[in-house]
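Please take me through this structure one question at a time.

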Amino acid sequence: MFKRNLAKFNQAMGFQRSSHWQKVQPGSDLSTKERGTNSSHPVTNEAVSDDANYSSWMVDHPSALTSFDQMMKDAKGKKIVVFLDYDGTLSPIVNDPDRAFMSDEMRAAVREVAKYFPTAIISGRSIDKVKGFVQLNNIYYAGSHGMDIMAPPRPARSSDGKYHTVSLDRKGNDAVFQPAQKFLPALQKILKELEEAIMKIPGARVENNGFCASVHFRQVREEDYGTLEEKVKSILKQYYPDFRLGWGKKVMEIRPSIEWDKGNALEYLLDTLGLGNCPDVLPLYIGDDITDEDAFKVIQKRGQGCPIVVTSSPKDTKASYSLYEPSEVLTFLLRLARWRKSSSSSRSVLSQVWGVSS
């Protein structure tokens with residue numbers, strides 16, 4: 001009944017549900033789905049089969065490293081804007097979400113890329129947490145899957161056609177765009193109820209990600225998956241239809257039922273840069289999670305750009321290219337910065353896109 005009601009609500013709102021908003025049955029699909037992406041392969045034949053499957057999958061999703069020269073050939077003369085996920089892209093996936101640190105090398109690479117291209121990190125984390133991890137001042141940040149954006153001040157409109165509050169930060173330099181601000185009081189109640197409900201489940205933890213609540217179960221015993229899922233859904237049911245449930249890598253997420261995701265955040269940031277309707281802009285997005293598919297879809301719909309998925313196994317994706325792991329992301333970003341640095345037009349492009357002198 002809950003699933004049917006949620007589907008009716010989303011249909012009434014005109015919300016297009018992605019695969020990561022599908023309901024997972026307690027103790028069955030959840031444990032199978034989440035275990036499958038991290039299990040080892042003791043049988044050599046299975047490992048060989050996996051390698052063959054990945055190689056076959058890469059025919060349609062070639063490496064962004066081996067395809068780099070062709071990608072840059074297609075990008076010549078275009079305004080590149082770089083969008084990056086954080087967890088699993090700039091940092092490895094770890095058991096403790098508070099220790100998902102990026103390396104100094106990765107930070108230096110992102111800093112270098114941002115010298116030449118407008119660069120934004122779009123994460124499910126709260127904007128304060130992702131800023132704390134990244135520690136860079138020359139990039140844009142979008143936390144809570146794009147529901148909390150620091151961007152230049154300008155009129156902004158979400159996909160539902162309504163204008164939302166945009167305010168200056170304490171320094172008066174950036175604008176804070178928060179389309180789900182009215183949901184914050186209820187979200188604080190949800191966070192408190194989640195903490196109380198799961199405190200007796202070993203390994204489970206709740207994270208306040210600003211405009212969404214994340215329940216991590218990477219360290220939860222598999223036999224407790226069903227109990228944890230049942231408790232989370234029981235709480236969510238009390239706040240239906242204002243909130244909905246989503247899934248990431250070993251994480252359940254409760255967030256507001258508004259038509260806003262990483263794809264909308266990408267479009268908003270392009271608009272704030274004055275590039276939303278620019279025919280020669282080329283958005284480049286690198287991400288590893290299901291939530292990044294929303295951004296891949298936007299790029300695909302635009303018919304211009306480079307969506308790149310980070311994955312070590314075959315998966316359904318709208319991405320055109322792939323990278324195996326964060327270490328390959330590092331290599332790609334360094335090559336991208338070197339490519340622009342060697343371009344004689346880099347300074348003029350930087351000035352034109354950022355609106356600052358070089």
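**Loops, helices and rings**

Student: Where is Pro241 found?
Tutor: Helices (H or I, at least four residues) and strands (E, at least two) are DSSP runs, numbered from the N terminus. Pro241 is found in the loop that runs between α8 (225-237) and β9 (243-248).

Student: Which residue does a cis peptide bond join to Pro241?
Tutor: This is a predicted model: local features need pLDDT of at least 70, side-chain atom pairs count only at pLDDT 80 or more, and totals for chains, interfaces and linings use all residues. Residues are numbered from 1 along each chain as its sequence is written, and side-chain values use heavy atoms, with hydrogens and water left out. At the cis bond omega is about 5 degrees. The partner of Pro241 in this bond is Tyr240.

Student: How many helices and strands does the protein have, and what percentage of its residues is buried?
Tutor: The protein has twelve helices and 13 strands. Buried means under 20% relative accessible area, exposed over 50% and partly exposed in between, with a 1.4 Å probe and protein chains only. Of the 358 residues, the buried ones make up 51%.

Student: Is Gln135 buried or exposed?
Tutor: Gln135 sits in the loop between α6 (127-134) and β3 (140-143). Its phi is near 60 degrees, a positive value in a residue other than glycine. With a relative accessible area of 54%, Gln135 is exposed.

Student: Is Ser144 buried or exposed?
Tutor: Ser144 is in the loop between β3 and β4 (148-151). Ser144 is not a glycine, yet has a positive phi of about 55 degrees. Its relative accessibility is 0%, so Ser144 counts as buried.

Student: Which elements do the buried residues of α10 pack against?
Tutor: Helix α10 covers residues 293-302, and its buried residues include Phe296, Val298 and Ile299. Just after α10, Gly303 takes a positive phi of about 75 degrees. The packing partners of the buried residues are α9 (262-272), β11 (281-287) and β12 (306-310).

Student: Which residues is His61 in contact with, leaving aside its neighbours within four places in sequence?
Tutor: His61 lies in the loop between α3 and α4, and at 10% relative accessible area His61 is buried. Contact means heavy atoms within 4.5 Å. With those neighbours set aside, His61 touches Thr317, Ala319, Ser320, Tyr321 and Ser322.

Student: Which backbone oxygen does the side chain of His61 reach?
Tutor: A polar contact is a pair of N or O atoms within 3.5 Å; within protein, one must be able to donate a hydrogen and the other to accept it, and residues adjacent in sequence count only if both atoms are side-chain atoms. The side chain of His61 makes its reach at 3.1 Å, and the oxygen belongs to Trp57.

Student: How far apart in space are Thr66 and Ser322, C-alpha to C-alpha?
Tutor: Thr66 is in the loop between α3 (44-57) and α4 (68-75), and is exposed at 68% relative accessible area. In sequence, 256 residues separate Thr66 and Ser322. In space their C-alpha atoms are apart by 10.0 Å.

Student: How many aromatic pairs does the structure hold?
Tutor: Rings of Phe, Tyr and Trp (its six-membered ring) pair if their centres lie within 6.5 Å; planes under 30 degrees apart count as stacked, over 60 as edge-to-face and the rest as tilted. The number of aromatic pairs in the structure is twelve.

Student: Is the pair of Phe177 and Tyr268 stacked or edge-to-face?
Tutor: Phe177 lies in strand β6 (residues 175-177) and Tyr268 in helix α9, so the pair ties together parts that are 91 residues apart in sequence. Phe177 is buried at 0% relative accessibility, and Tyr268 is buried at 4%. The centres are 4.3 Å apart and the planes 15 degrees, and the pair is stacked.

Student: What kind of pair do Phe217 and Tyr225 form?
Tutor: Both Phe217 and Tyr225 are buried. Their ring centres are 5.3 Å apart and the planes stand at 70 degrees, so the pair is edge-to-face.

Student: What is the volume of the largest cavity?
Tutor: On a 1 Å grid over the protein atoms alone, a cavity is a set of points where a 1.4 Å probe fits but cannot get out, and lining residues have an atom within 4 Å of a point. The structure holds five cavities of 30 Å³ or more. Volume here is the space filled by probe spheres set on the points, which are joined across faces, edges and corners. For the largest cavity it is about 390 Å³.

Terms used:
On a 1 Å grid over the protein atoms alone, a cavity is a set of points where a 1.4 Å probe fits but cannot get out, and a pocket is an open set with protein on both sides within 12 Å along at least five of seven lines; lining residues have an atom within 4 Å of a point.
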